[in-house]
Amino acid sequence: MNEILTKISRCVETGKTDKVSPYPPDMKGLDGADELTKQAIEEGIKPDQILENALIPAMAVVGDRFSRKEIYVPQMLMAAKAMNSAMKHLKPFFQSGETKRKGKFIIGTVSGDLHDIGKNLVSMMIEGGGWEVIDLGVDVGTDKFLKAIDENPGAVVGLSALLTTTMENMKKTVVLLKEKIPDVKILVGGAPVTREYCEKIGADFYSPDPQGAVNYLKQLAV
């Protein structure tokens, strides 16, 4: 069992999605995360074991390497693609309730902002960390966030802003969400956002990189 989980981890870390993926060159022609995860399930390995012992550790390695600037956005996206190819085999078990997620995470880029690469990276990392992600997309108004929270009680919320001009909308959203649902946990991020700004607007957590958000959620899930 350990051998196949180790192989799945390596595929995710290196961005080896499936057998036809040309990258990395030393794994050309070998099965990728897609085939290996399917094989693991067929061999009777439980989906939560695949998640806990292969995908989560692999995405943690990727996140740490990104934080240390050893890899960059393209490598992160490749790793996330490999992770998603494995997750598609696990999702039916989560949807049926046979396997439990750690919690729900609602994420969106705030009103007026159409940037989504940073948001997508965070979404992928958090899903790889064992959470169900509800991605509301870009240009998301406060009402849409409130509706999503109503539909998913207890969910944690992530707000992204990539423009200094839309940081004010982030502030308005945080204030309104906290007014309506005082105990909601809100994470904020994006290029112009800082820890000081997070504290100023009353959000609960800020991280300059996706792995920080994963680590914060890990504490909440304990």
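This is a predicted model: local features need pLDDT of at least 70, side-chain atom pairs count only at pLDDT 80 or more; totals for chains, interfaces and linings use all residues.
Residues are numbered from 1 along each chain as its sequence is written, and side-chain values use heavy atoms, with hydrogens and water left out. Helices (H or I, at least four residues) and strands (E, at least two) are DSSP runs, numbered from the N terminus.

Now for the sheet that S1 belongs to. Strands of a sheet pair through backbone hydrogen bonds, either parallel or antiparallel. Here five strands form an open sheet in the order S2-S1-S3-S4-S5, and the pairing is parallel; two strands count as paired if DSSP finds at least two bridges between them. At the edges sit S2 (132-135) and S5 (205-206), each of which pairs on one side only. S1 (residues 104-109) runs parallel to S3 (residues 156-160), and five bridges join them. Phe-105, for one, has Val-156 in S3 as its bridge partner. S1 also pairs with S2 in the parallel sense, over four bridges, and there Ile-106 stands opposite Ile-134 of S2.

Further along, S3 and S4 are linked by four bridges, again in the parallel sense, with Ser-160 opposite Gly-189 in S4. In a regular strand the side chains alternate between the two faces of the sheet. In S4 (residues 186-189), Ile-186 and Val-188 point one way and Leu-187 and Gly-189 the other way, and all are buried.

Axes are lines fitted to C-alpha atoms, for helices over the stretch in contact, and angles run from 0 to 180 degrees between N-to-C directions.

H5 has helix neighbours too. Two packed helices are described by the angle between their axes and the distance between the axes. H4 (residues 73-95) packs with H5 at an angle of about 45°, their axes 10 Å apart. That makes H4 oblique to H5: angles under 35 degrees count as roughly parallel, over 145 as roughly antiparallel, 65 to 115 as roughly perpendicular and the rest as oblique. The crossing of H4 and H5 is left-handed, a word used when the near helix is turned anticlockwise from the far one by less than a right angle (right-handed if clockwise). Among the residues that make the contact are Met-76, Met-83 and Lys-91 of H4, and Leu-121, Met-124 and Glu-127 of H5. By class, the contact of H4 with H5 has ten nonpolar, two polar and two charged residues; Ala, Val, Leu, Ile, Met, Phe, Trp, Tyr, Cys and Pro count as nonpolar, Asp, Glu, Lys and Arg as charged, and the others, Gly among them, as polar.

H3 (residues 47-67) joins in as well, packing with H5 (residues 117-128) at an angle of about 145°, with the axes 8 Å apart. Leu-51, Leu-55, Ile-56, Met-59 and Gly-63 of H3 meet Met-124, Met-125 and Gly-128 of H5. This contact has six nonpolar, two polar and no charged residues. The axes of H3 and H4, in turn, come within 11 Å and cross at roughly 165°, which makes H3 roughly antiparallel to H4. Their crossing is left-handed. The residues that meet include Ile-50, Leu-55 and Phe-66 in H3 and Ala-79, Leu-90 and Phe-94 in H4. The contact of H3 with H4 divides into 17 nonpolar, no polar and no charged residues.

A cis peptide bond, with omega about -5°, joins Tyr-23 and Pro-24, and Pro-24 has its place in the loop between H1 (2-14) and H2 (33-42). Lys-69, in the loop between H3 and H4, has phi near 60°, a positive value in a residue other than glycine. Lys-69 counts as exposed (over 50%) at 60% relative accessibility.

Technical notes
Contact means heavy atoms within 4.5 Å. Buried means under 20% relative accessible area, exposed over 50%, partly exposed in between (1.4 Å probe, protein chains only).
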